[in-house]
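Welcome, and thanks for taking a look at this structure.

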Amino acid sequence: MLRRWFSNLPLRWRLALWYALFIGVALLLFGGYQYFQLRHSLFASANTTLEIAASQALNSIDSENGLPAFQNTEFLGITQQHLGQEDFVIRLLADDGTLLDSLGAASAAPEFPLKEGFATYGRKDESWQVYTISIQTPDGRIVGWLQTAESLFQTDEILDHALTQLLLGLPLMLLFAIAGGVFLAHRALRPIDQMTHMAQEISANDLSRRIAYVGPDDEIGRLAQTFDRMLDRLQTAFEQQRRFSGDAAHELRTPLTALKGQIEVTLGRVRNPEEYQSVLHNLLSQVDRLIRLSNALLFLSRSDQQRLVWKPENLNLTELLEIIVEQIMPLASEHKLQISTSLPEALPVYGEKDHLVRLFLNLLDNAVKYTPRGGEIRLNALPSETGGVQVQIYNSGAGIPPEQLPHIFERFYRVDADRSSQTGGSGLGLAIAREIVLLHGGQIHAESQPGQGVTFTIDLPGGSR
Ligand code: ADP
């Protein structure tokens, strides 16, 4: 119940209460210690006085008619001073407790039990500290008792006063601690409040706002920076996503509009079977292109959601590459391209076969597409220094301009010169290639010199896992 109530309080109040609790306990311990220290020293001082008075009184005792009595009542120093006051008494008693003689405030003090040593007697508002010693003959027979006693009235007053101060002061100090705690917590949490306020105002449509916290590089400062960096990433991701959907819609619409146009024109008048056949062939190739495009989009969307199939196995990359080259060969011969390969016998990699086939098919397909007639393609693969494999795919041709090179792996990005050409690409092939390489924990990059062709280098981690 209390726990629930406490955990529902605002953080600043919880901090302030914890703070007050610790200060309260510390004050209580310290105050209690001081109180008992004071009490102890007051009693110790009273006991010393009683002891000195007793020893002086003992010296002045003489036996009169066989009974002890004070002979000389002139004491020295503090004992004499005390005897002049209402709260001090020295008594001489017979062995059965009959009062024989007394000095000081005899009537004010009550009778005290005869028990050797120091003791405190009396009620709360009238107590006495008493020192009792027995008077003995040389053979050890008790002939009487000497008692020195001091009223504890003053001591009690001092202790009561100290206690009152403690009990009054403690709540006051606690209140002060709570107020201080709230103030400190409020000050410390103010930037967090500001951040919360700011974060509430930021919506998905306006991710450009930042907290831009101006303050020291402490916990709060670092939180604000982290928050801003997270917004940076969110903004980039949102923008990419938005661009991706826009581009995808555009890419799908263009061929669909073309298809519609062709169908409409064909239906404009009656045609002979050969004409229908040729139009249908044409439509089929465009539908194929649309299927390829939607497959590519599906792949990327699955990759974004980290839902790509991932059942890796130990593979021999050489075998895989040889099959892919075989597949690409007819198209290459069609373009009069020369393909040379340099592959070791075995090249173990650990990966998902379908994805790796898609990766190298995309790259070799590009090489065939972008190499001018009569050009050459070279495929080299070898174990890398880091225990993995490195594959290089080179093709001759104009190459990729340096300012466009950093963008070619972006989705829908196509080098200007190829945009209007009839290569049939949509700008997703390299984006997919990069996703596959990253999925395998590898790296891909491209190098190109104007007029010198392009080299793609792929590093993949080694096999046997
Ligand atoms: P596309 O579907 O247009 O081929 P990619 O993502 O595969 O899309 O490639 C992006 C762009 O990079 C291409 O438009 C092309 O300009 C350039 N490119 C890719 N591969 C090569 C290559 N082997 N040689 C020259 N340019 C290439």
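This is a predicted model: local features need pLDDT of at least 70, side-chain atom pairs count only at pLDDT 80 or more; totals for chains, interfaces and linings use all residues.

- β11 and β12 belong to an open sheet of five strands, with the order β9-β11-β12-β14-β13 and mixed pairing.
- The edges are taken by β9 (338-342) and β13 (443-448); each has a single partner strand, so one side of each is left without a neighbour in the sheet.
- From one strand to the next, the twist of this sheet averages 10°.
- As background, strands of a sheet pair through backbone hydrogen bonds, and they can do so in parallel or antiparallel fashion.

**Helices that lie on this sheet**

- Helix α7 (residues 317-334) lies across β9, β11 and β12, and runs at about 175° to β9.
- Helix α8 (residues 353-370) also packs on the sheet, where it touches β11, β12, β13 and β14 (454-460).
- The direction of α8 makes about 20° with that of β12.

**How α7 meets α8**

- These two helices pack against each other too: the angle between α7 and α8 is about 35°, and their axes are 10 Å apart.
- The crossing of α7 and α8 is right-handed.
- On the α7 side, the contact involves L317, L320, L321, I324, V325, Q327, I328, L331 and A332.
- On the α8 side, the residues are K353, L356, V357, F360, L361, L364, D365 and V368.
- Sorted by class, the contact of α7 with α8 holds 14 nonpolar residues, one polar residue and two charged residues.

**How α8 meets α10**

- Helix α8 has another helix to pack with, α10 (residues 429-439), at an angle of about 145° and with the axes 9 Å apart.
- Here the crossing is left-handed.
- From α8, the contact uses H355, L356, R358, L359, N362, L363 and N366.
- From α10, the contact uses G429, L430, I432, A433, I436, V437 and L439.
- The contact of α8 with α10 is made up of nine nonpolar, four polar and one charged residues.

**A second sheet, with antiparallel pairing**

- Another open sheet of five strands has the order β4-β3-β7-β6-β5, and its pairing is antiparallel.
- β4 and β5 (117-122) are the edge strands; each has a single partner, so one side of each is left without a neighbour in the sheet.
- Neighbouring strands of this sheet are turned by 20° against each other on average, direction ignored.
- Within this sheet, five bridges join β3 (residues 88-94) to β4 (residues 99-104), and the two run antiparallel.
- Across that pairing, L92 stands opposite D101 in β4.
- β3 and β4 form a hairpin with four residues between them, and G97 in the turn has a positive phi of about 100°.
- At the β5 end of the order, six bridges join β5 to β6 (residues 127-136), again in an antiparallel run.

- Helix α4 (residues 153-201) and helix α5 (residues 219-267) pack at an angle of about 15°, with their axes 10 Å apart.
- That angle makes α4 roughly parallel to α5.
- α4 passes α5 in a left-handed crossing.
- The contact brings together A188, P191, I192, M195 and A199 of α4 with I220, L223, A224 and F227 of α5.
- By class, the residues of this contact are nine nonpolar, no polar and no charged.

**Aromatic rings**

- Counting pairs of rings whose centres lie within 6.5 Å, the model has eight aromatic pairs.
- One of them is W18 with F22: the ring centres are 6.0 Å apart and the planes are at 25°, so the pair is stacked.
- Both W18 and F22 lie in helix α2 (residues 11-59), four residues apart, which is about one turn of the helix.

Key:
Residues are numbered from 1 along each chain as its sequence is written. Side-chain values use heavy atoms; hydrogens and water are left out. Axes are lines fitted to C-alpha atoms, for helices over the stretch in contact, and angles run from 0 to 180 degrees between N-to-C directions. Angles under 35 degrees count as roughly parallel, over 145 as roughly antiparallel, 65 to 115 as roughly perpendicular and the rest as oblique. A crossing is left-handed if the near helix is turned anticlockwise from the far one by less than a right angle, and right-handed if clockwise. Contact means heavy atoms within 4.5 Å. Ala, Val, Leu, Ile, Met, Phe, Trp, Tyr, Cys and Pro count as nonpolar, Asp, Glu, Lys and Arg as charged, and the others, Gly among them, as polar. Two strands pair if DSSP finds at least two bridges between them. Rings of Phe, Tyr and Trp (its six-membered ring) pair if their centres lie within 6.5 Å; planes under 30 degrees apart count as stacked, over 60 as edge-to-face and the rest as tilted.
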